[in-house]
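The exercises below ask for a careful reading of one model, and each is followed by a worked solution. Please keep the sequence and the coordinates at hand while working through them.

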Amino acid sequence: MLSKKLLINNLLFRMTSTEIALLLNNDSEKIIRIGEIIGKKIEQRDNFENLNEFEKTFIFIDIFENHTTDGGFETFFWDSAGQFSHEILEAYERIGAVKTASIIYDSFLVFNEIPIPKDERLRRSILSNLKPDLWNTLDHKFYNCTDNIVLLILEFIKENSNHFD
């Protein structure tokens with residue numbers, strides 16, 4: 001009879017890196033580890049051609065969360081991440097973050113040009129003509145949104161684990 005340790009090692013040997021990451025105790029650690037796993041597939045900044053649609057969903061949400069946490073919607077649109085505005089909206093819809101997706105859509109309306117331009121210079125030109133305080137309400141709504149993004153993204157990954165790694 002196989003020892004318990006050998007049986008566990010054999011099971012872990014067959015698991016993907018993402019499945020192993022999902023076994024971590026802390027949800028934040030799970031997100032960080034999965035981000036590291038997916039990040040290894042990204043050869044060049046803002047180039048996600050080596051990722052499948054499920055991995056892109058994770059990355060687009062990660063990009064948005066990082067940019068808005070560090071400066072809100074205005075910073076997000078100003079930076080290179082703004083080129084992924086529509087993909088980010090779709091990513092939040094895909095994981096079921098309906099309230100967050102609605103806030104993102106509202107930001108498109110404040111931006112006042114749909115589709116949001118991919119070109120950074122054009123986005124910045126538009127932003128320069130908007131009053132910065134227009135973003136405050138959206139930032140406040142986003143920071144107080146009740147969507148549990150960590151839980152939703154982890155559930156999305158679990159449900160689609162065969163598309164990760």
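**Exercise 1.** Why are Glu120 and Arg124 separated by about one helical turn?

Solution. Glu120 and Arg124 are four residues apart in helix H8, and therefore about one helical turn lies between them. Helices here are DSSP runs of H or I with at least four residues, strands are runs of E with at least two, and both are numbered from the N terminus. Before going further, note that this is a predicted model, in which local features need pLDDT of at least 70 and side-chain atom pairs count only at pLDDT 80 or more, while totals for chains, interfaces and linings use all residues. Residues are numbered from 1 along each chain as its sequence is written, and side-chain values use heavy atoms, with hydrogens and water left out.

The next step is the contact itself: the side chains of Glu120 and Arg124 meet in a salt bridge, at 3.2 Å from N to O. The term requires a side-chain nitrogen of Lys or Arg within 4 Å of a carboxyl oxygen of Asp or Glu.

**Exercise 2.** How many salt bridges does the count come to, and which parts of the chain does the pair of Glu87 and Lys118 link?

Solution. The count comes to nine salt bridges. In one of them, Glu87 is joined to Lys118, with the closest N and O atoms 2.6 Å apart. This pair links distant parts of the chain, since Glu87 belongs to helix H6 and Lys118 to the loop between H7 and H8, 31 residues apart. Glu87 counts as partly exposed at 24% relative accessibility, and Lys118 is partly exposed as well, with a relative accessible area of 46%.

**Exercise 3.** How many aromatic pairs does a search of the whole structure find, and which residues have the most contacts inside the largest nonpolar core?

Solution. The search finds 16 aromatic pairs. Rings of Phe, Tyr and Trp (its six-membered ring) pair if their centres lie within 6.5 Å, and planes under 30 degrees apart count as stacked, over 60 as edge-to-face and the rest as tilted. Among the pairs is that of Phe64 and Tyr92, which is edge-to-face, at 5.6 Å centre to centre with 80° between the planes. It links distant parts of the chain, with Phe64 in helix H4 and Tyr92 in helix H6 (residues 85-95), 28 residues apart. Both Phe64 and Tyr92 are buried.

Phe73 and Phe142 also form an edge-to-face pair, at 5.8 Å centre to centre and 75° between the planes. In this case Phe73 in helix H5 (residues 72-78) and Phe142 in helix H9 (residues 134-143) are 69 residues apart, and both are buried.

Turning to the core, the largest one has 44 residues, and those with the most contacts inside it are Phe58, Phe73, Phe77, Ile88 and Tyr92. A nonpolar core is a set of buried Ala, Val, Leu, Ile, Met, Phe, Trp, Tyr and Cys residues joined through side-chain atoms within 4.5 Å. Helix H4 gives the most to this core, with six residues.

Note on methods: Buried means under 20% relative accessible area, exposed over 50%, partly exposed in between (1.4 Å probe, protein chains only).
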